[in-house]
Amino acid sequence: MAADAGSSALQLPCVFSPKSRQYLALCAQDGRLRIWNTDSKTLHQEYVPSAHLSATCTCIAWGPCRTVKEGPRRKKRKSEVDQVEEKADLLAMGTAAGTVLIYSTAKGALHCTLDGGHSGGVNCVQWHPDDSLLYSGSDDTNIIEWDLQTGKMRSKWKADRAAVTSLCVSHDGKLLLSAGQIIKMWDLDTKEVYRKFTGHSTAVTTLRFATTRPPDSNGLYFLSGAAHDRLLSVWQVREDGKDKNSVVSFTLTDEPQHIDLVTSNSKEEAVRLAVVCKDGQLHLFEHFLNGPCKKPLSPLCTVQISDTKDSPVPIPLLAAALRADTRTVLLAYGNHLQPVMERVEINTAERHVCLTRDVQTSLSLSMETTVSKVKTPIVNAKSRVLVPGLPGHQAPVKGTSQGSEKRKKDTDTKEMSIAERLGEIDLSTVSTEKGAPKGTASLQTDNFAVLLVQGLESNDANILNKVFQTRKEMVIKKTVARLPLSAVLPLVEEITKRLQGHPFTAVLMVRWLKAVLMHHTSYLASLPDLVTQLGVLYHMIESRVKMFHKLTKLHGKLYLLMTQVATSDNSNSVTDVDHTAKLVYEEESSDEDEASGDEGLPDDDSDNWEEEETMKEDEEDQADEEDEDPDSRTESKANGEEDMEHENESEEE
């Protein structure tokens, strides 16, 4: 009965247990699974999945009824096998995270978890008549056959180009119907397509086999319903393969939400059908499936429920189940959190039946036992009252003593005017000086958290710019930590918008985004539509980071080139040595000093001066030809020795 749940996120799954219809399983808006007993009208079991907020339940299917001897408590019940009847035990739940949870009503706990198969959300689950096999269809366009004995998948195949939104297994367990927008019939032995049926323009949400006859007898029929479609189409599986169009159509007032039918085993037996539409009405049909019928069939009877007020308001029907008696129908109506279950006898001779029920009284009676009485706490004079909300949004409440209250009651009987009340509230900022009175109430307008919330609510760019311009990490962390949860998503949207702007503002916004993700990850992870909320931010970050790897490679290459250029410049500066001598040492410098010291002597020889001049000229020529003529060095040495001898002679004289 996975098809009953549908694929729309707005439709909450609600399914009766097979055969005895003893239990009603449904998932409400809070993500919890509740199983109600239809006989006692009480809550039988409640199960809270670990990820009931992030991975909400999308579809429910009851497993085939089985005896307890096949269950997990087989050894304890061996002596009572004859007394035990078949009961509905296992319940399969598909989640938006792609996992399938198997819950056992006999144990009152989770039986097993089937994961690792789907990459998208599960839209439909369907049991095989053999209770050890389960089929699931997902947004990832695949169908998986699960083996519950091992908890692993036996096979997986691609069913359609679009998401698989509905499944149904034939009564003999040989055929499987799957649908996205095209309905396909699969042979479960070979996993190959047996037939294709086209005719719906939107996603098919409901598939049910209407007859139990074999496919090669021209007597196998099934029906289908699609989203936003006010018709139920009946298809015939013909032996010659000429089954392109639907043979019968049932008219509805809205999209089908829940379907229950009694199958036809022969041509002489009519198909009984109960359809609950999205508008909350129930339509009953009865038809003999024997070939095509051109005219759409209108319902045999339409049932509505309204309250007992002066201006009646319709009460939506959630699910309906046909009983063995043709006149009795089991109804579930009201709210998903607290449904009302009732067996009703309906006179099908009337085309329209309106039932009046007082839902409020029945809800209050059933809820009275579960809700405990609220006790008012006694506030002490010394206790400090904490006002909910942001710090700074409301002035602190002072706990007054009992004596002052008595005095007020005796002396001051008049109520304070609004002007007097405003006068008592000090709106000025609290002075930080030591002499300032303590405990004065003030509204902290300089608090960044208050400013940020005001800017997000009023969409004031000036306030937001003032807050976002801060660069202090501690201020950013404290501001984000003080934000209420309702302001987290608007802040993320504003950060996303500003990240797409100038890179200078993006640098500042990254700090705010980091602080938001550090403080509020648990809240963001609990959002069911997290992908749509953060999709723009994720794609923008991915596009920005996509070039980072290439830029780092380019940066590395440029750094390598620059270092090589710098080292080559340094090597060139070392090789270009200045060849001009800083200091020249000459051996004859001592002779010049002696000669300069003898200038005033009267007996100086003029020939010596001439020889010295010629020697200097020879030395200059020798310096130029020093590398070419090594013999010139020896000559100069000889001349030097001769000069030394002449000078010594002159000194002796």
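Analyst: With a relative accessible area of 21%, F448 is partly exposed; the residue does not count as buried, because that word is kept for values under 20%. The model is a predicted one, and every value given here is computed from it. F448 belongs to helix α4, which covers residues 448–458. Beyond its neighbours within four places in sequence, F448 is in contact with K466, V467, T470, V475 and T479. The separation of F448 from I463 is 15 residues in sequence, and their C-alpha atoms are 9.7 Å apart in space.

Strand β18, residues 220–226, runs antiparallel to β19 and is joined to it by 6 bridges. Within this pairing, F222 stands opposite W235 of β19. The hairpin of β18 and β19 has 4 residues between the strands, and H228 there adopts a positive phi near 60 degrees. The pairing of β19 with strand β20, residues 248–251, is also antiparallel and is made by 4 bridges. Here S233 is the residue that stands opposite S249 in β20. As a general point, side chains in a regular strand alternate between the two faces of the sheet.

The aromatic side chains complete the picture. The two residues named above as opposite each other, F222 and W235, also belong to a cluster in which ring pairs link F197, F209, F222 and W235. The structure as a whole contains 9 aromatic pairs. One of them is formed by F250 and F285, whose ring centres are 4.8 Å apart and whose planes make an angle of 45 degrees, a tilted arrangement. Because F250 lies in strand β20 and F285 in strand β23 (residues 282–287), this pair ties together parts that are 35 residues apart in sequence. F250 is buried, at 5% relative accessibility, and F285 likewise counts as buried, with a relative accessible area of 5%. Both values are under the cut-off of 20%, whereas F448, at 21%, is partly exposed.

Notes: Residues are numbered from 1 along each chain as its sequence is written. This is a predicted model: local features need pLDDT of at least 70, side-chain atom pairs count only at pLDDT 80 or more; totals for chains, interfaces and linings use all residues. Side-chain values use heavy atoms; hydrogens and water are left out. Buried means under 20% relative accessible area, exposed over 50%, partly exposed in between (1.4 Å probe, protein chains only). Contact means heavy atoms within 4.5 Å. Two strands pair if DSSP finds at least two bridges between them. Rings of Phe, Tyr and Trp (its six-membered ring) pair if their centres lie within 6.5 Å; planes under 30 degrees apart count as stacked, over 60 as edge-to-face and the rest as tilted.
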